[in-house]
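My notes follow in the order in which I looked.

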Amino acid sequence: MSALFPPWTNTVSRFSLVCLALGGVVGAVLLVLWVESPYFTGQHGPIEQPVQFDHRHHVADDGIDCRYCHSTVETAASAGFPALSVCMNCHGQIWNKSPMLEQVRAAYFSDRAIPWNRVHRLPDFVYFNHSIHVAKGVGCVSCHGRVDQMAQVTQVAPLTMGWCLGCHRAPEPNLRPREEITHLGWRPPTDSGALGHALVAQYDVHTRVSCSTCHR
Amino acid sequence: MSSLDPTGPDVPIARLRARPERRLWRSLEELARGTAPAGPEFPPGASAPPEPSRRDFLQLLGASAALAGLAGCVREPPEKILPYTRRPEDVAPGNPLHYATAYALDGIATGLLVTSYEGRPTKIEGNPDHPSSRGAAGVFEQALLLSLYDPARARAIRYRGAGRSWRAFLEYAAEAVDLHRKDGGAGLCFLGEPDASPLMADLHERVLRALPAARFFSYAPLAEDAAYEGARLAFGRPLQTRVDFSRARVVVSLDADFLGGGPDRLRAAREFASRRVPESELSRLYVVESALSLTGAMADHRVRMRSSEVVQFALGLALELSPQLQGGPHTQLTATRPLHVMARDLLANQGRSVVVAGARQPPLVHALAHAINAALGNADRTVAYAAPTLPDMAAGPAALAPLVADMRSGRVETLVITAPNPAYTAPADLDFGSALGKVPHAIYHGLYEDETAAQCAWFVPATHSLESWGDARAWDGTVSIVQPLIAPLFAGVTHAELWAAFVGEGDRGAHALVQDYWRRQPGRPDFDAFWEEALHDGVVRGSATRTESVTPRWADIAAAAAAAAAKPTSGGGIELNFLPDSKVYDGRFANNAWLQELPDPITKITWDNALLLSPTTAGRLGVESADLVEVTLRGRSLAAPVFVLPGHADDVASIALGYGRTGLNEELAQGVGANAYLVRPSDAPWFAPGASVRKIGRRARFAITQDHFTMEGRPLALVATPRELRQHPERIEEQRAALPTLYDPVPYPSYRWAMSIDLSRCIGCSACVVACQAENNIPVVGKERVARGREMHWLRIDRYFSGPSALDPEVVFQPVACQHCENAPCEYVCPVNATAHSDEGLNEMVYNRCVGTRYCSNNCPYKVRRFNFFDYVGQRTQPERMLQNPEVSIRSRGVMEKCTYCVQRIERARIDARVAGRTIREGEIQTACQQTCPTRAIVFGSLHDERAEVARLHADERRYDLLHELGTRPRTAYLVRLRNPNPELS
Amino acid sequence: MATAPAPHDPLEPLPLVVGAPDDHTINESLFQYVWKPTGRGWWTVFLISVAGVCWFLTAVVVTISKGIGTWGNNIPVAWAYGIINLVWWIGIGHAGTLISAILLLFQQKWRTSINRFAEAMTLFAVLCAAMYPALHLGRPWFAFWLFPYPSPTRMWPQFKSPLTWDVFAISTYFTVSLLFWYLGLIPDLAALRDASKKKLQRVAYGVMALGWRGSGRHWHDYRLAYLLLAGLSTPLVLSVHSIISWDFATSILPGWHTTIFPPYFVAGAVFSGFAMVLSLIIPARKFMKFEHVVTQKHIDNMCKVMLATGLVVAYGYLMEHFMAWYGGNQYEAFVFRNRRGGPYAPVFWTMIFCNVVVPQIFWTRRARYNLVIVWIASVLINLGMWTERFVIIVTSLHRDFMPSKWEMYYPTWVDWSLYGGTISFFLMCFLLFLRFLPAVAASEIKELRAEMVHDQGAH
């Protein structure tokens, strides 16, 4: 009787066996890589905001300190999102006719909040506290990047637990003198390692990795 | 949400209130404007800054359960941030503010300190500066928070069911006043609850000035008339009795449950407990009662008897102790041995003892107690007398009778009811309901549209205590200003405003009313300073009333005693006892799920009341627990399930009031338990003879959190007398001596968090359980699930009966939460590291890592872990979501949870301390249970500091570990419960 | 079938193959079912089992959408039917592995006619078992956290936890059993391919036969692979159920915390496994008419194995209770008092009857030869082994250290549906297997017969 399968089927079968074996492994590896990719962690680009607020202009050009708007960063868990009154402090006088600010004025006078889009989002079971990090000499730039160079704020850090732990296990590289906290362009004088160690001692830095440090 | 909103997009009442008191109202101005996107109901949530709004549990559910699960394929929509338009000063997002206020129960206030996040009250604690609270709060005060957000609360002013505005009501009230002017207001009656508020007293007078013939009645189903009558009998005028248990070496309670109830129970508990530890001279407590009460559970010697026999017992005691009464008629009660021993013990402790009479007992018992205290020279030492704080003492069911008669005869044209739900709480024989039908203009002011509202033409929603301006007085007369924490959620009106409506000031707002009143008071040169201080401290300094020394009228007492002795003891049949409920009080808290699900301290029954019988009586009647029976008293009958309770008096049946509610809007309360008011006689409101109990044949199903009452001879809750402790140190030593181990000890370089629980101090009141529930966002699961053994309380209070006889058991309470073992069995079995050990010795539970194998619970010898069998938080209604504590994650379905030692408080204190560059101070962290404990039974702190109190208690001679032999090395230590029995009786 | 066969010289061993059929007749008789159109009987049973599977799926949907609350579990009884069934099924699986691996290494000729059958059973049993660990999780969608992989959280499973070991134990067990079973099938698949008439069948079987031509080299490699797999799975027979038993033995719970568990679980597993083989093969060999290859001899041997393992299990029970008394630990002592006399005592005594009393009948040749008795006994033993797991898990949990937190456990309809559902699933797989694949390893039978002929020649 005629052969049931032509010879090439051997190759096919061997090939498919190999695929079967490798497929699972490769798939798993790809998945693991993907969940840490910028796309998945949300670093893939700026998030549209209802009002075109340009940090470059306010921080770099006008040299406004971060804490002018994010005023509770040293006292509370939240850095604090500026109330419209803060905008109007300046824009009541300058650019108070600018069409770009129409929405802000409207919101302010009608007392409707502007629904901003959150850029740096942690899961709700994570309790991050700005005040302690600032108090221990972690600069804004360490997590938020060069906001002074962003037209629209982009998430630069992965904000994964692994990333948090990295710093909590070896904080030295991310420490700076307290007076430089909001200085985004600050560079450690020479040997950052030595300074880091000095600051750990000086600010009595005890990074903790127990679960309840962040999860409660 | 808009459906919840009675008044449309802008909330006039809120605007009304938003004006005057800037310091408090800033965070609510957004509300007053009422234009926040999330709708006026949730201004705090809506106008809240990012941090707390991120805590909103819906998102957490999303993140932790569904979305995180599908994180691979679903991208969450960008989260919105709604900043303030103007951020109030001193509101830092996520940092709580604390406001002092007060809550009056039956007219007597307890000072409170309320935690508020962005204008959202999230936790109630006692006010340390308040004389009766001293930082403690009871179950009712703790649970107040939930009733604030109760979606069943009334939402609109109604006239015959149709919505009306406050303005409309004011006009109506004005007309009514004009109409009544002609006869001086003879047809106008006010029915309120007893209220010590100076403002209300003032309004009372002003109404009378306008309408001299108007009449005011007070009604409280649990009013303590007898106590005042007793004082009148003994001293010629009604007086308030103030007992100082901290000075009493011997306490005799004549059916007085001073630990479980009473207006000053928190102070009483604290003072009593201070004498139950070896540091002070140990006191001895004798209790004479019928149903086992919290006080009875603490007794060193407890005599069971019918409530009606207590008077004879008191008589016997008085005859032995007060010479002034001797030679009088002798009691029929053949004086029993315990009576003689008690008398001797009292005599041996003249001036250091006290006899207290229970509110349930007739005036004579109180008078006799006063007589005995006078004879023993206890007056002005352990017991003092003062003018009553309450203006109107006669407020019991008896006091209601004349009003009802007038209502029937149509002499009452307008009736303003501010007493909570009298149509339900009035004794059945008065038939208040039908009488109410005869009143043409009935106005009811209450939190709920309940049984009473259904029969009144006008209904005016009351503001919750946390929404109200007002004032109140503590048991010792100390005045507190009641300030609101949040603008009324449901367009409520305060009590004061309602009455003010009848003097034409109903539109001024409660804030103006109370401030005006106090501004009028003399001796306040700088009113604003006084006001600020009063609001800030929560008390008006030096406003307590003086005590006065009085002498008994021996002749009157003797005469009354003779009369009573001549009268035969109450007739045969079963004596039916009516008890205040430990959870729903008189029924007003029936719709509060925290309280309904709180196990009764004695029976451990949730979501129910029961007819309590002694084992003997139950045997005689051929019934057992959960049998449905029909109780009949004077022709009225009631079906209720039986619960056989050791330690209950024979031939007595006891049932708690406040259940069997039929109010349409209070879904939770509907059909829970049996309504004992239906058989409560107005002339014998506390106990009546001649009841009969008939088995129906059907059975009920209780949801009991502790089915098994004995310790099976296991060393769990240890009890000892000081002598035993001295003679057998080894017995306790083997419950704490270090066990051999192969492992090197784990070093804990910094803090070592630990707790100690003193069983001698714990009175089982369960305030800690509710406090824990409020602090940690613990869900309520309902009767069925409790019955299945799925209750969620992180902290449970085990109650064991011990001793030779099941008829007279010794009772011991043992609060059990996670023991935070240093060698925790739960940790090594978790396959995903969801429960791990912290560097400070906390046993941490990471909800967001938990996959729910439940292995940890199996391996926990203390069985303190709780599992989310269903999605409980998802079932919460809109207003309830506002009470979530933003500092604590909300647990999704399928994860394990348990006591964390209030880790959120530890972390907050740590961050505050480290930002300030210091270490955490001793006493800076209080766990929720510790903070509210009236008796200071729970102490929390760090062992690394030998001077810390917890460290001292861990080294105490009474300290032991629970299930020590397992070698889990718990961080929670227990202190042996001390008993101080009289050698003559044991 | 109830009658004992014609008496013959007791010294003469029973034949493993009745008569001396040639290869063709063997093919004929063993493959007939693959060719014959399916009968009404098969369809009825099959449809019933399919219905059961649908019911099972409903229960699964309810469990996953509503939560574990739909089960009867509570605190303290946090584990119940889920784990009971897991352990039960895993145990049943063991007979297959034992037969195919250990008996092969011990060169037990009688294994050949039943090994395919038993291996299939193992496979399906492990499938059923493997459903429970995922199902009983509070958040099944996170089940992958139990596998070690570098996650963004830098969190790993906790390797101290027996549940993590289970993950490896069960997955390994499944993989090896699958390979073993399939490898054994290859020559017969080839035979089916060659024998099949229709094109489709030829292709289907052809693909599955992986190009087997029965050449000497094929046979050589095949034998080698088979032996290697046997060697691989031999330790599994012992390891898998030992590890399962550690879920309990490593805890501190009285009634769980005991060193006797591993041997006693393994013995119990083999015990229940053989019981399941018997309760399936006795009807199967009758309806599929291969009494001549699965002979009385096989049944006799299996009964003896059950008797032996049953005695080990009985010893396990005895020791537990003895130690509870002798150890003098009040908690331990109470748990076993509570098993004997507590609210779940009926279950305990059922267990004693089924697992200790019933197997004793196998001492008598009469019982071993009476297929009805053997079948009823093996069904009872399966029941008994299920109650054993109930006793171990539920009675230990429902009353442990703190009397204040003692609770009763009552299963819900979901619990029952999940249990009945897996049984239906198991049955369905088995029917499909009987229908489309040779239930008896024809190739090995042929070898066996050849060897036997050769032996007789040597006389």
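Before counting, I noted that a salt bridge here is a side-chain nitrogen of Lys or Arg within 4 Å of a carboxyl oxygen of Asp or Glu. I also kept in mind that this is a predicted model.

Entry on the charged pairs. By that definition, I found 2 salt bridges between chain C and chain B. I looked up one of them, in which Lys863(B) pairs with Asp400(C), and the closest N and O atoms are 2.9 Å apart. For residue pairs in polar contact between chain C and chain B, both at pLDDT 80 or more, the count is 35.

Entry on the side of chain C that touches chain B. I saw that α2 (40–66), α5 (162–195), α7 (216–249) and α10 (330–341) of chain C each give two or more residues to this side, and that the largest share, 4 residues, comes from α2(C). Sorted by class, this side has 30 nonpolar, 20 polar and 7 charged residues.

Entry on the extent of the interface. I noted 57 residues of chain C in contact with 62 residues of chain B, and the two chains bury about 5000 Å² between them, with 53% of it on carbon and sulfur atoms. Of the area that chain C buries against chain B, Ile75(C), Arg139(C) and Met402(C) supply 15%, more than any other three residues.

Entry on the cores. The largest nonpolar core has 361 residues, of which Leu317(B), Leu576(B), Ile393(C) and Phe426(C) touch the most other members. A second, separate core of 41 residues includes Leu170(B) and Ile443(B).

Terms used: Residues are numbered from 1 along each chain as its sequence is written. Chains are lettered from A and ligands numbered from 1 in the order in which they are written. This is a predicted model: local features need pLDDT of at least 70, side-chain atom pairs count only at pLDDT 80 or more; totals for chains, interfaces and linings use all residues. Side-chain values use heavy atoms; hydrogens and water are left out. A nonpolar core is a set of buried Ala, Val, Leu, Ile, Met, Phe, Trp, Tyr and Cys residues joined through side-chain atoms within 4.5 Å. Buried means under 20% relative accessible area, exposed over 50%, partly exposed in between (1.4 Å probe, protein chains only). Contact means heavy atoms within 4.5 Å. Buried area is the accessible area (1.4 Å probe) that two parts lose on being put together, summed over both. A polar contact is a pair of N or O atoms within 3.5 Å; within protein, one must be able to donate a hydrogen and the other to accept it, and residues adjacent in sequence count only if both atoms are side-chain atoms. Ala, Val, Leu, Ile, Met, Phe, Trp, Tyr, Cys and Pro count as nonpolar, Asp, Glu, Lys and Arg as charged, and the others, Gly among them, as polar.
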